[in-house]
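This report describes selected helices and strands, together with their packing and pairing.

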Amino acid sequence: MTAVLLDEAGLVRWGRSLGEVAAREAVFVALSGPLGAGKTRLTQAACAGAGVSEAVTSPTYTLVHWYTGDRGPVAHADLYRIRDASELPGLGWEELEARPGAVFVEWAERAGDELPPDRWEIRFEFAGGGALRRVRACVRGCAPPIPDPAVYSAAPEAPSC
């Protein structure tokens, strides 16, 4: 697992890089962390990297938004309003997993064992008095490598597992 500190500008630059790769490789991206930590901001930047030209907003109330980017389709889901994985079928979870394209899921931990085995996991924490985000990223299963966030880091940390 890679752990780095990112400021807002670094988070956006890394997000664009993530979006390019995720759209090209149809990666499922599981995002977790507290409210306001950067999950939606990263997804907005990733959508820009995937070539989405429309405004990307949080799907907290609609639960899933679909976008068309120059590099392929992108889904953005927000599981904040669900209690647990038993509510996923009502969201069209199967379509998220089966439809081609990148998928970014906020509050992914609420999906539990329903997360696909091949995915990127990105965890956010507040750091630096709130001006920075500690971001931990790892690959699960056979997902492609994640673009290195350290390239965009305000202050790299030692890797941890």
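Two strands are taken to pair if DSSP finds at least two bridges between them. Helices (H or I, at least four residues) and strands (E, at least two) are DSSP runs, numbered from the N terminus. The model is predicted, so that local features need pLDDT of at least 70 and side-chain atom pairs count only at pLDDT 80 or more, while totals for chains, interfaces and linings use all residues. Residues are numbered from 1 along each chain as its sequence is written, and side-chain values use heavy atoms, with hydrogens and water left out.

Strand β6 takes part in both pairings tabulated here.

| Strands | Sense | Bridges | Partner residues |
|---|---|---|---|
| β2 (residues 28–32) and β6 | parallel | four bridges | A30 and E121 |

Four residues lie between β6 and β7 in their hairpin, and G128 in the turn has a positive phi of about 60 degrees.

Helix α1 covers residues 8–25, and its 18 residues reach 25 Å from first to last C-alpha, close to the 26 Å expected at 1.5 Å a residue (1.5 Å times one less than the number of residues). Its buried residues (under 20% relative accessible area, 1.4 Å probe, protein chains only) include L11, W14, L18 and V21. The buried residues of α1 pack against β1, α2, β5, β6 and β7, where contact means heavy atoms within 4.5 Å. Just after α1, A26 takes a positive phi of about 55 degrees.

In helix α2 lies T43, which is buried with a relative accessible area of 0%. Leaving aside residues up to four places away in sequence, T43 touches L31, H76, F104 and E106.

Definitions and conventions:
Buried < 20%, exposed > 50% of the residue type's maximum accessible area, 1.4 Å probe, protein only.
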